[in-house]
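This report goes through selected features of one protein model. Please look over the sequence and the structure before reading on.

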Amino acid sequence: MNIRRLPGFIYRYKIVAFLIITSIFVIVYHLNYWSVLCTNFESRRFVSELCNRQNNGNAVGILCSPLCNRKEIHSLVCENLHVGKEAVFSAQWESTKLVFKAAKTEINIEQTEFLLWEDANGFKHYPSETEFASMMKDVVFNKLNYTMSTHQLERLSRLQASKIETETKKRQLEMEYVWSLIQKQEYIMTILFEDKDVFPQLIGTCGTFYAVEYIKPIETQITVFVLSDSMPEWSRRVKLAIMILDLLQDLETVFTEPFHICDVRINHFGLSPGGQKLKYLDLDDVYPKSVLNKKVNTNKKCKRNTDCDILGCRSICSKNKRCESPVTNNNLQLICEKIFLDWPISRLIISPGLLMSKHTNDSLAILLRQCANPNGDMSQLSRVAAPENLKLRLYNILSDMDKELSSQLPRK
């Protein structure tokens, strides 16, 4: 089509043109909203705005100087698929690769209203250190049902563990940023559980941004279509499945109470450099069991059990047609259903899971189906918790397969 005729075409086919333009707009909007698309230009813009605030004395944190003044942090790369965060980008700091994250790139005014108050003259009144500590305890307890130790409280209340800010104005600014950061569950967990080798390690902060070690996410389920189904690839998948089971064991045993994974996706798991350690990356979707049970809306009307999903986990629709607490399924059931067996991309498309291959034997296939649907009720899909003895059987069969595959394949 001659481009000079385009306006005439649009005028002649107004409805079609309107629908096409609207569709393009909607697609781009949703790709941006779900953070499927992002650009390195955005990352540089975020850093530029952050450094302007730091240069004006309005941003603090241990990473501000290497990022803004010494320019030691470089090679900014936008990271997509970060729903719930305004900005996520990776960067290089000497030999360390890290990821910067921010729920909000600027301090949320509504959040600061809970921290301080202004009098009629515009003077800001900040809480005392004792009041601030009490406020932080309440936030952590409400989010995680967790009581902090004195050391953890001190670590969380300041942006630099080795420095106690004594200058009043700087401490007040630090309070504002600490208060903004602890609204994110992920930030809290990286500090409270930094001694557990389960989550990425916190490296530091600057303003509303916090940075953690870069852990490469595992490829998404969709990429299974393009992966070869060779024996080495199958061996890699088996090893990865064993590592996932090990991680589940840690989530359920090393904390004061078990943590449940919600919104289970394969790319929420990541391998540390060298591929020896698996970590869970999406800390905003990991909840202690007691907290998750409180999120079940017991006033919600339901007709079937599938109406009582909460953050990807499931509870029961009672006889009086209300969702009941507690959540009935567990991490193992979710992993078997949505990672090992298959992943429903939509109601019509199902991607093969991590352990579904031409190499999957009957024993493993049967065990995976039992694990994904322990009560066998395919009509209601009311998943219950996969039993502990099934986890042991699954772990043993995968371990035996791993040993056999390792003996058959040539060593690298």
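The model is predicted: local features need pLDDT of at least 70 and side-chain atom pairs count only at pLDDT 80 or more, while totals for chains, interfaces and linings use all residues. Residues are numbered from 1 along each chain as its sequence is written, and side-chain values use heavy atoms, with hydrogens and water left out.

## Salt bridges

Side chains of opposite charge can pair when their charged atoms come close. The structure holds 25 salt bridges (a salt bridge is a side-chain nitrogen of Lys or Arg within 4 Å of a carboxyl oxygen of Asp or Glu).

| Pair | N to O distance |
|---|---|
| Glu-49 and Arg-45 | 3.3 Å |
| Arg-158 and Glu-174 | 3.9 Å |
| Asp-263 and Arg-265 | 3.1 Å |

Helices (H or I, at least four residues) and strands (E, at least two) are DSSP runs, numbered from the N terminus. Glu-49 and Arg-45 both belong to helix 3 (residues 40-55), where they are four residues apart, about one turn of the helix. Glu-49 is partly exposed at 29%, and Arg-45 is partly exposed at 33%.

Arg-158 forms its salt bridge with Glu-174. Arg-158 lies in the loop between helix 7 (150-157) and helix 8 (168-181) and Glu-174 lies in helix 8, so the pair ties together parts that are 16 residues apart in sequence. Both Arg-158 and Glu-174 are buried.

In the pair of Asp-263 and Arg-265, Asp-263 is partly exposed with a relative accessibility of 27%, and Arg-265 is partly exposed with 35%. Elsewhere, salt bridges that share partners join Glu-129, Arg-158, Arg-171 and Glu-174 into one network.

## Asp-402 and helix 14

Asp-402 is part of helix 14 (residues 388-408). With a relative accessible area of 16%, Asp-402 is buried. Its side chain is joined to that of Lys-239 by a polar contact of 2.9 Å. A polar contact is a pair of N or O atoms within 3.5 Å; within protein, one must be able to donate a hydrogen and the other to accept it, and residues adjacent in sequence count only if both atoms are side-chain atoms. Leaving aside neighbours within four places in sequence, Asp-402 is in contact (heavy atoms within 4.5 Å) with Val-238, Lys-239 and Ile-242.

The buried residues of helix 14 include Leu-390, Leu-394, Met-401 and Asp-402. The buried residues of this helix pack against helix 10 (231-253), helix 12 (331-341) and helix 13 (362-372).

## Lys-279

Lys-279 is found in strand 11 (residues 278-280). It is buried, with a relative accessible area of 4%. The side chain of Lys-279 makes a polar contact of 2.6 Å with the side chain of Glu-213. Lys-279 and Ile-215 are 64 residues apart in sequence, and their C-alpha atoms are 7.8 Å apart in space. Leaving aside neighbours within four places in sequence, the residues in contact with Lys-279 include Asp-197, Glu-213, Ile-215, Leu-247 and His-268.

## Backbone details

The peptide bond from Ser-325 to Pro-326 is cis, with omega near 10°. Pro-326 sits in the loop between strand 16 (323-324) and helix 12.

Lys-71 is in the loop between helix 4 and strand 1 (73-78), and it is exposed at 56% relative accessibility. Asn-145 also is not a glycine and has a positive phi of about 55°. Asn-145 lies in the loop between helix 6 (129-144) and helix 7, and with a relative accessible area of 26% it is partly exposed.

Methods:
Buried < 20%, exposed > 50% of the residue type's maximum accessible area, 1.4 Å probe, protein only.
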